[in-house]
Amino acid sequence: MRRANNQDSLACLPATTAERFQDRGHLFVVADGMGAHAAGEMASRLATDHIAMQYFRSPLDDCSEALRAAVAESNAEIFRRGQQNPEFHNMGTTASSLVLMPRGAIVAHVGDSRVYRLRAGMLEQLTFDHSLVWEFEASGNIDPDSAIGHSIPKNVITRSLGPNQVVDVDIEGPFEIFANDRFLLCSDGLSGQVEDEEIATLMDCLPEDLATRVMVDLANLRGGPDNSTVIIVRVEDSYANVSNHSVARSRKPKHDAPAVSPLLLGTIGVCLLGALALGLTEAWGPMIVAIILGLIAAAVSLTQFLQSQPTVQNLPLPKIPGGKGPYRRYKAQPTKALYERLGHTVEELRTAANERNWLMNWQKIDKLQQQGDEAITHRDSKLAIRLQAEAIIETMHQLRELNNRAANETAIDR
């Protein structure tokens with residue numbers, strides 16, 4: 001919303017044959033360029049083009065090493081171009097690459113663009129942000145929630161492709177892949193404006209095409225200070241059939257063991273029934289013993305249950321990134337609070353439109369939000385989130401129409 005050009009680039013290169021998939025898999029890349037004039041735009045485009053070209057041409061059999069080499073060679077090319085032309089000096093770009101192949105998912109990463117994986121309602125960040133704030137947190141010397149932690153600028157990155165002749169590339173994985181896994185690659189134009197819990201819930205509640213669109217629109221409605229690029233990849237049920245040697249063919253996600261031991265539950269039941277029977281016969285001493293045993297079994301059961309619950313808090317950051325992912329976990333929660341938070345973005349624009357007399361048609365938006373309110377009333381939170389997402393998309397559509405009319409009127413005046 002604030003830039004005349006787009007410094008982001010992307011590449012989506014799914015394998016077109018089973019042989020290609022077995023050999024190199026599907027490749028996806030997001031890059032976010034930096035530099036004056038057109039330098040950032042060129043750097044990100046060079047990154048996506050060269051990573052793809054060098055990866056598929058690589059003579060290395062190991063796909064992790066082939067991907068690492070491709071990113072390193074891309075860095076050398078961007079550095080060379082920057083040295084040749086003073087206008088492109090010190091240009092750089094982030095680059096986050098994802099390969100999905102028979103033996104799993106592989107990530108190569110430099111910068112603060114991100115790769116996430118959503119599985120069974122849990123969003124995991126597979127990449128380490130090469131940013132000042134993440135590096136400080138990883139050092140363990142500064143509490144990110146302290147006043148000093150909040151004062152660290154979030155947009156300062158510590159590693160990128162291009163400024164230096166050699167760059168360290170983080171390789172994450174291979175991560176095991178299962179049917180219905182969803183991976184998201186994005187530039188920080190999205191992650192800087194949309195919270196991770198929002199990303200998790202939108203991915204979990206919406207089909208991929210709608211999720212990508214609403215995320216970009218939401219980032220823009222919240223100010224759009226940077227370009228936003230989003231790729232979502234969903235692993236279909238047929239993945240196992242395409243990959244004859246894939247671990248996903250013969251394995252499924254492990255089902256959690258019972259949260260509480262059935263033996264303990266049985267013990268609690270026996271103790272309670274025994275205490276009741278002893279109470280009826282006025283055998284007070286044995287009844288008290290039975291109650292105490294039941295309370296002990298109940299305490300142990302409660303401890304087992306609490307320990308079995310999935311953790312969703314941030315993981316402690318390792319001092320040396322690379323091969324340590326996932327680094328963050330967030331649970332998808334289609335709650336009323338999140339529904340209202342998304343709606344607040346629309347209401348802020350409505351207020352601005354009324355104050356500035358913008359000619360926007362709110363009829364469709366109002367209808368979608370009314371239906372969303374009804375869904376919340378009926379406790380259908382996922383439907384409510386979807387309707388709110390459609391309201392956000394329609395709001396952004398109205399804003400674009402307004403901008404287009406203003407641009408046309410300006411052109412006529414000239």
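Let me begin with a helix pair: the axes of helix α2 (residues 39-57) and helix α3 (residues 63-84) come within 8 Å of each other and cross at roughly 145°. Axes here are lines fitted to C-alpha atoms, for helices over the stretch in contact, with angles from 0 to 180 degrees between N-to-C directions. Helices are DSSP runs of H or I with at least four residues, strands are E runs of at least two, and both are numbered from the N terminus.

This is a predicted model, in which local features need pLDDT of at least 70 and side-chain atom pairs count only at pLDDT 80 or more, whereas totals for chains, interfaces and linings use all residues. Residues are numbered from 1 along each chain as its sequence is written, and side-chain values use heavy atoms, with hydrogens and water left out.

Returning to the pair, the contact (heavy atoms within 4.5 Å) involves residues including Met42, Leu46 and Ile51 of α2 and Leu67, Val71 and Ile78 of α3.

I turn now to the sheet. Five strands form an open sheet in the order β10-β9-β6-β7-β11, with antiparallel pairing; pairing requires at least two DSSP bridges between two strands. Because β10 (230-234) and β11 (328-331) stand at the edges with a single partner strand each, one side of each is left without a neighbour in the sheet. On average, neighbouring strands are turned by 20° against each other, direction ignored.

Within this sheet, β6 (residues 114-119) and β9 (residues 182-186) pair over five bridges, and Val115 has Leu185 of β9 as its bridge partner. Helix α8 (residues 208-221) lies across β9 and β10, at about 160° to β10.
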